[in-house]
Amino acid sequence: MPVPADPIASATEEAATLDYRRIAEAIAYIAERVHEQPSLEEIAAHVHLSPFHFQRLFTRWAGTTPKRFLQVLTLERSKRILAEAPSLLDLSTDMGLSSTSRLHEHFVRLDAVTPGEYKRHGLGLTVRYGSHETPFGPVFVAMTARGISRAAFLDDRNDTTQLAAIRSTWPDAQLVGDEHATREVAHAIAGAKSRETALPLFVGGTNFQIAVWRAMLRVPPGTRVSYTQLAAAVGRPRATRAVGNAVGANPIAMLIPCHRVILSSGALGGYRWGSSRKRVIQAWEQARAEGSDPGAVSGA
């Protein structure tokens, strides 16, 4: 006999989804009009809220004020951050080569798929998946008992392409739609929850790709690193193009922070989930890193 839905929980989830969409719309509006410096009143009107309620909602969900977010959303700021950032080699020395690294208010542990696991094509593996709203757009999450295997931003809630990619990688795995299981991961991506235990990742890639992804995990929030710096960090200083390919192949948005990698000139560079989204995520993270209280952001 099916368990009846909890109407209070359902109403709370619907309200949270609406809030996410409003914040996503506000962030997109700010990003598109950064040179116009829109006022709080203009942004609030765009999402049909009073300035007072919009300010509270934006700060609660984004972890920073609309004004602060607008201030950090500039290319020149990225150039300065890149110039001032310590090298990844220095970070490696300071933090060690452990696969556990600080990632904003989360801990992330990266485990690679073994050759034996890859050869079994997912036989005996259950992959749970779901799509969720975030301030940066809908995100698709897939996870196994070993950890998160995929997190990708979607242009809409259509996850057909992502499911096809999983079936291509794990043709013999059992795929189960389970948004309850994947919701916490979406909240982590959106910065809505802090964690005291490691958030495990379970990814497949070449040894070189895994090395690049581990190096990206050592880049602190609010910091930028160039492809050249990243190549030096993995011991391949002349392999900038290969590093770029590895960055682009990153299967887990936000938690493996490829959005922190930019060109040596300070220009944004590519992003598999869209350059506008990359700029917004950088600004959001920078504003939080410069003094906003992560605890001000509550989960859905």
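I began with the contacts of the protein chain (contact meaning heavy atoms within 4.5 Å), and among those with a separation of 6 or more, residues 24 or more positions apart account for 69%.

I noted that this is a predicted model, in which local features need pLDDT of at least 70 and side-chain atom pairs count only at pLDDT 80 or more, while totals for chains, interfaces and linings use all residues. Residues are numbered from 1 along each chain as its sequence is written, and side-chain values use heavy atoms, with hydrogens and water left out.

Next I looked up the elements, and I found 13 helices and 9 strands in the protein chain, taken as DSSP runs numbered from the N terminus (helices H or I, at least four residues; strands E, at least two). Of the 300 residues, 48% count as buried, where buried means under 20% relative accessible area, exposed over 50%, and partly exposed in between, with a 1.4 Å probe and protein chains only.

I then turned to helix α8, residues 160-169, where Gln162, Leu163 and Ile166 are buried. Seen down the axis of α8, these buried residues fall within an arc of 100° (the arc of the directions from the helix axis to the C-beta atoms), so they line one face of the helix. They pack against β3 (126-132), β4 (139-144), β5 (147-153) and β6 (174-177), whereas the face turned away from the buried side carries the exposed residues Thr160, Thr161 and Ser168.

Which element gives the largest share of the lining of the largest pocket? I found that α8 does, with 4 residues. A pocket here is an open set of points on a 1 Å grid over the protein atoms alone, where a 1.4 Å probe fits, with protein on both sides within 12 Å along at least five of seven lines, and lining residues have an atom within 4 Å of a point. The largest pocket has a volume of about 330 Å³, and of its 19 lining residues the closest to its centre are Ser149, Arg150, Thr169, Gly204 and Pro251.

Last I looked at Ile27, which lies in helix α1, residues 7-32. Is Ile27 buried or exposed? At 2% relative accessibility, Ile27 counts as buried. Leaving aside neighbours within four places in sequence, I found Ile27 in contact with Phe58, Phe69, Pro135, Phe136 and Val280. I also noted that the C-alpha atoms of Ile27 and Pro66, 39 residues apart along the chain, are separated by 8.5 Å.

Note on methods:
Grid points are joined across faces, edges and corners, and a volume is the space filled by probe spheres set on the points.
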